[in-house]
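Q: Can we go through this model together? I'd like to start with a helix and then move on to rings and the sheet.

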Amino acid sequence: MNWMNISGLAIIAAIGTHAPAAAQAQSGSAVSNVAKHSLLTAEQLARYIAVKQALGPYWGSHPDLLQTARSTAHRLVVSLPDGQLPVVVFDYPALVKQDTALAAIFSTNQFAPTQFAPTQVSVNKALGLLAYHAAQGTALPASSTVGGKNVQLVHQSLMELTAVGVNVPTVPGPACTDVSPASPGSGTASVTPPAAGGSLAGIPPLPDDVTVIPFYTKLNETALEQTKAVIEAEIDGHRGVFIFDLGAGTAILNRTVLQPNAQGGVDTVTDANRSPDNTPRSDYINGADQERQLDHVHVTVRLGTLVSNYDDPALTAFMQEKDPHRYNAELGHLWGNFGWVFGPRLGNLGPAVFQPFETIVDYTHRRVVLIRLDSAGHRVVDVPAYPQRTTIPLSTIPEGSGFTALGLAVDPCNVLDTSDPARNLWIKMLDTGAPENQEDILGYPFLSHLGVFGVNQRTHQFILYR
């Protein structure tokens, strides 16, 4: 699934391909040359990250002030060896005077609003230089105006920075022609065996701890449908077909089929309670009209033999809801009333649904395998069929409107370099619902080429298996 990048975080620190606010921002005053070349300290960077983490949910709940912030934003330009990097920053010294809650974010983290712009520019310049030299395969020169220590600090904090909306910009990279089978690239692997499921050897018959869910198939699947990981599941006892969608954030349910009930969950829609499709677009959420478009509920999901009673902190924060158990799913009319592929279907199931489990997507055997985790993120039972070969840090990427995506760092050629992890600087969203790789999305071609991969959201790990 490919969401519109409408996140307040992206607006606050829009660089490279993540710059939708740049077109909206006025070309206000520029930051001084001194600010553009200021160096970071570890303490300053830590406070900047803390402020950024707090600003995401704040802007999601203050749409009126957000419009003001957009209209008064400054557009800056950072010079890099291979071009100019646009950076958009809000006028926080003026904005904090308009709202005490915004001012408290800065005071609580002991970070002056006047330091936000120069710190952001320093961070973006360091990221840009890292990206440029990584793409060229060269070391950052000692004469860099950013300074070696500054770059090291940003490099060490790359995952945290990405999680709060500061992303490595796109820069020219080497020609990407050779793709190693062990290092997934842009080609699509042939991973469709005669039947879904495959052997259960090495998977213990412990239905309370591990389950195998075959991909759902049908006759005469289109080429687009063949790129989807589709499973059967139950939502509050209603069984149906869902896209397993790592790009969906949470459970996104079909309002044509399901409706909220008095208990806060869902029931089957009746003729008297149908909701008309009045969305501006059928395939994307429009953040400004989200309340009009979507209903919010809390559901229980049965996945094979396992039950997920999950919470969704990102959705809870977006809804400004104090009860963490009140909302964990949304209902609406998306993707042509869920008729785009495998329609009509009950919805899409995103990462939040699978938080309690090590979630294995096995394209080779066309199945999803879930292993229950303890509170520390360890398997509660050994599953010899899936021994872990290597783990890579899994990033979380706030997408706005209550959605958090999962990200993975790859090299400039969309290759996961396990021999030299330092080359994996381009963090992109994992999306099993995307039929193609995109500039900031690792979709079906990348993921299916792996054959088998897993995610553990409790330990923040992307997993490859032997």
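**Helix, rings, sheet**

A: In helix α4 (residues 63-71), L65, L66, A69 and R70 are the buried residues, with buried meaning under 20% relative accessible area, exposed over 50% and partly exposed in between (1.4 Å probe, protein chains only). Helices are DSSP runs of H or I, at least four residues, and strands are runs of E, at least two, numbered from the N terminus. This is a predicted model: local features need pLDDT of at least 70, side-chain atom pairs count only at pLDDT 80 or more, and totals for chains, interfaces and linings use all residues. Residues are numbered from 1 along each chain as its sequence is written, and side-chain values use heavy atoms, without hydrogens and water.

Q: OK, rings. How are Y48 and F116 arranged?
A: They're tilted, because their centres are 5.4 Å apart and the planes sit at 45°. Phe, Tyr and Trp (six-membered ring) pair if centres lie within 6.5 Å; planes under 30 degrees apart are stacked, over 60 edge-to-face, the rest tilted.

Q: And which helices hold Y48 and F116?
A: Y48 is in α3 (residues 42-60) and F116 in α7 (residues 116-136), so the pair ties together parts 68 residues apart in sequence.

Q: Switching to the sheet: what's the strand order?
A: It's an open, mixed sheet of 8 strands, β9-β12-β6-β13-β5-β4-β10-β11, where pairing takes at least two DSSP bridges between two strands.
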